[in-house]
Amino acid sequence: EKDMGTDLEKVLITKEEIDAKLAELAARIDRDYAGKDLLIVGVLKGAVMVMADLARALGSHVTMDWMAVSSYGAGTKSSGVVRILKDLDTDIAGRDVLIVEDIIDSGLTLSWLLSNLRSRRPASLNVCTLLRKPEAAKVDIDVAYVGFDIPNEFVVGYGLDFAEKYRNLPFVGTLAPHVYGG
Ligand code: PRP
Ligand code: MN
Ligand code: MG
């Protein structure tokens with residue numbers, strides 16, 4: 001284990017549980033998009049780990065693109081103000097597009113992203129997220145592929161950060177209060 005043990009309160013989802021879930025989601029995605037030319041879009045930076053592992057679990061060829069948006073400042077709460085930091089390189093008009101996220105918290109980032117991408121007229125647009133916090137939802141979003149519904153706690157690891165740290169943990173865990181309490 002990495003030397004971050006004292007910062008963590010508990011492990012919420014192990015690497016083994018993540019791998020098993022991504023294999024399950026990948027099998028469903030393979031079935032649902034059989035014969036199609038799927039473009040998966042990772043939302044930087046949080047979705048890097050999910051994209052890398054999900055893409056390798058898929059049994060069919062896909063193309064990958066990335067968008068960077070930011071809705072969180074230095075804090076732990078979503079502001080709902082979304083900025084595009086990096087746009088897609090791909091013209092998605094007429095394409096089958098699957099947005100890949102690490103987490104849906106308030107849902108504000110994704111709801112903004114969905115309407116932005118929808119206006120570019122893709123053939124289809126769906127979402128795959130590793131984590132979702134039902135109790136934190138501020139908007140109702142139809143998500144085709146959900147890994148785990150989790151409690152409304154601040155989680156880090158497997159792409160998820162607190163002030164840019166902990167993204168490289170191989171599992172999802174909660175932070176000890178002293179880390180954000182000071
Ligand atoms: C986090 C997370 C999601 C979004 C979810 O990204 O990766 O993209 O917030 O929050 P919401 O549902 O409340 O909008 P963040 O803006 O922190 O950027 P990052 O991926 O670079 O960490
Ligand atoms: Mn993100
Ligand atoms: Mg973040």
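Reader: Which residue is the bridge partner of Val69 in E4?
Author: In this predicted model, Val69 has Ile84 as its bridge partner in E4. Helices (H or I, at least four residues) and strands (E, at least two) are DSSP runs, numbered from the N terminus.

Reader: How do E3 and E4 run, and how many bridges join them?
Author: E3 and strand E4 (residues 83-86) run antiparallel, joined by three bridges. Two strands pair if DSSP finds at least two bridges between them.

Reader: And E2 with E3, parallel or antiparallel?
Author: Parallel: strand E2 (residues 38-44) pairs with strand E3 (residues 63-70) over six bridges. Val43 stands opposite Met67 in E3. Between E2 and E3 the chain passes through helix H2 (residues 48-57), and this β-α-β crossover is right-handed. That term means that, with the strands pointing away from the viewer, the path from the first strand over the helix to the second runs clockwise.

Reader: What's the strand order in the sheet?
Author: It goes E4-E3-E2-E5-E6-E7, six strands in an open sheet with mixed pairing. The edge strands are E4 and strand E7 (145-149), each pairing on one side only. From one strand to the next, the twist averages 30°. Strand E6 (residues 124-132) pairs with E7 in the parallel sense over four bridges, and Thr129 stands opposite Val146 in E7.

Reader: Back to H2. Which strands does H2 lie across?
Author: H2 lies across E2, E3, strand E5 (96-104) and E6, and runs at about 155° to E2. Axes here are lines fitted to C-alpha atoms, for helices over the stretch in contact, and angles run from 0 to 180 degrees between N-to-C directions.

Reader: Which residues of H2 are buried?
Author: Met49, Val50, Met51 and Leu54 are buried in H2. Buried means 20 or more other C-beta atoms within 10 Å of the residue's own, exposed means 12 or fewer, and partly exposed is in between, with C-beta atoms placed from the backbone. The buried residues of H2 pack against H1, E2, E3, E5 and E6.

Reader: OK, core next. How many residues has the largest nonpolar core?
Author: The largest nonpolar core has 37 residues, and those with the most contacts inside it include Val50, Leu54 and Val100. Such a core is a set of buried Ala, Val, Leu, Ile, Met, Phe, Trp, Tyr and Cys residues joined through C-beta atoms within 7 Å. E5 gives the largest share of this core, six residues.

Reader: What is Val100 in contact with, leaving aside neighbours within four places in sequence?
Author: Among them are Ile40, Val43, Val50, Leu54 and Cys128. Contact means that the C-beta atoms of two residues, placed from the backbone, lie within 7 Å.

Reader: Switching to H1: why is Arg28 exposed?
Author: Arg28, found in helix H1, is exposed because 12 other C-beta atoms lie within 10 Å. The C-alpha atoms of Arg28 and Met51 are separated by 16 Å.

Reader: And why is Asp30 partly exposed?
Author: Asp30 is partly exposed because 15 other C-beta atoms lie within 10 Å.

Reader: What's the mean pLDDT of the chain?
Author: The mean is 93, and 92% of the residues reach 70 or more. pLDDT is the predictor's confidence in each residue, from 0 to 100. In this predicted model, local features need pLDDT of at least 70, side-chain atom pairs count only at pLDDT 80 or more, and totals for chains, interfaces and linings use all residues. Residues are numbered from 1 along each chain as its sequence is written, while chains are lettered from A and ligands numbered from 1 in the order in which they are written.
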